[in-house]
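Q: Please take me through how to read helix packing and a DNA-facing surface, one feature at a time.

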Number of protein chains: 2
Amino acid sequence: MSEDKSVESEAALFFAFFTEVGILAQLSRALLESRLPDGVSVAHYSVLNHLVRVCDGQTPLTLARAFQVPKNSMTHTLSGLEARGLIAMHVHPDDGRSKQVWITQDGRDFQAAAVGLLKEDVARLIPKLDTEQLEELTTALGGIRKVLDDDRSVAQSHAGPETKTP
Amino acid sequence: MSEDKSVESEAALFFAFFTEVGILAQLSRALLESRLPDGVSVAHYSVLNHLVRVCDGQTPLTLARAFQVPKNSMTHTLSGLEARGLIAMHVHPDDGRSKQVWITQDGRDFQAAAVGLLKEDVARLIPKLDTEQLEELTTALGGIRKVLDDDRSVAQSHAGPETKTP
DNA sequence: ATTATATAGTTCGAAATCGAATTAATGGAG
DNA sequence: CTCCATTAATTCGATTTCGAACTATATAAT
């Protein structure tokens with residue numbers, strides 16, 4: 001094998017990798033979506049999950065950065081959750097411009113129930129997957145994520161200073 | 001290490017993996033989107049790319065399946081491309097219900113130019129990535145994709161018979 | 001031939017997403 | 001204290017996405 005691979009083949013590999021990532025993301029997203037009750041989107045579920053598993057009391061902007069979405073998208077998602085009584089938002093005690101997002105008991109109950117919705121799917125799929133490989137892949141993907149994430153500060157002419165990862 | 005991992009930790013790994021996949025997909029998608037000219041979406045670009053790199057003359061439904069999107073979404077994407085003169089659609093000679101999608105010379109020119117839009121990004125990122133690892137990862141992800149894809153036929157109560165992968 | 005069923009594509013309405021402009025609050029410079 | 005630049009969140013408008021209903025062709029059964 002030639003050590004000095006052509007730029008083209010490297011680029012092709014680059015695209016193939018991200019194509020595969022994109023397809024996998026779409027497949028898993030579609031599966032999750034099909035399991036969620038009507039009116040609750042993947043975005044809703046993800047935020048609720050984050051509030052339970054990481055922590056609540058964060059600001060909308062912090063959440064937007066954590067999920068790599070524009071802050072107005074997060075506003076929309078949060079207002080949906082608030083309308084359903086799954087979260088509560090209060091003015092931030094230290095900064096009148098900002099808010100704190102707290103999960104409610106209903107929100108916790110919902111999240112706990114939602115985890116079970118995928119139980120069957122996970123049980124069916126796990127035996128078909130190599131758990132050890134999955135672990136290695138997760139680590140490796142995390143590394144690539146970091147590379148891309150760090151690069152975002154560098155990427156020229158990408159105007160928007162908003163939406164940066166923590 | 002215990003051979004008999006708990007279901008919970010396996011499920012957690014499962015979620016961690018797909019979370020990582022989702023974040024990577026969003027990052028790469030956002031980068032691509034920021035490079036495309038105004039009015040051309042990632043969906044437009046992907047279809048155009050497919051027509052050049054795989055083949056044109058396929059039907060909208062075939063394309064929808066290839067991209068894992070509902071057929072009406074593909075209709076929308078294709079009409080955008082047609083309005084820009086990047087593709088042409090004709091009634092299928094063998095089936096009056098169906099159509100054939102052909103890329104135009106303008107479409108080919110556009111696709112050729114678009115590849116260059118990401119050249120800088122690829123050149124900047126490739127040195128930060130392990131090419132060999134990227135290759136292994138792509139293969140491994142493809143395997144997992146296949147597992148998920150095959151599983152879709154099994155996944156109970158997933159009503160929609162439409163949108164199946166070729 | 002006629003009818004029923006299935007398939008390809010479109011239309012329609014609802015929801016999600018996001019860039020840009022807007023409003024409100026903060027914090028610093030003079 | 002006042003002004004001004006900055007930051008957090010929202011609102012607005014345009015686009016994308018998708019499920020469900022619809023139209024038209026095609027295929028099979030009788």
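**Helix packing and the DNA surface**

A: Helix 2 of chain B and helix 4 of chain B are roughly perpendicular to each other (angles of 65 to 115 degrees count as such). Helices are DSSP runs of H or I with at least four residues, and strands are E runs of at least two, numbered from the N terminus. This is a predicted model, with local features needing pLDDT of at least 70, side-chain atom pairs pLDDT 80 or more, and totals for chains, interfaces and linings using all residues. Residues are numbered from 1 along each chain as written, chains are lettered from A and ligands numbered from 1 in written order, and side-chain values use heavy atoms without hydrogens and water.

Q: At what angle do the axes of helix 2 and helix 4 of chain B cross?

A: Two packed helices are described by the angle and the distance between their axes. Here the axes come within 10 Å and cross at roughly 80°; axes are lines fitted to C-alpha atoms over the stretch in contact, with angles from 0 to 180 degrees between N-to-C directions. Contact (heavy atoms within 4.5 Å) involves residues including Val47(B) of helix 2 and Leu78(B) of helix 4.

Q: Which residues are closest to DNA strand C?

A: A residue is near a strand if one of its heavy atoms lies within 4 Å of it. DNA strand C is surrounded by 21 residues, the closest being Asn72(A), Pro60(B), Leu61(B), Thr75(B) and Lys99(B).

Definitions and conventions:
Parallel < 35°, antiparallel > 145°, perpendicular 65-115°, else oblique.
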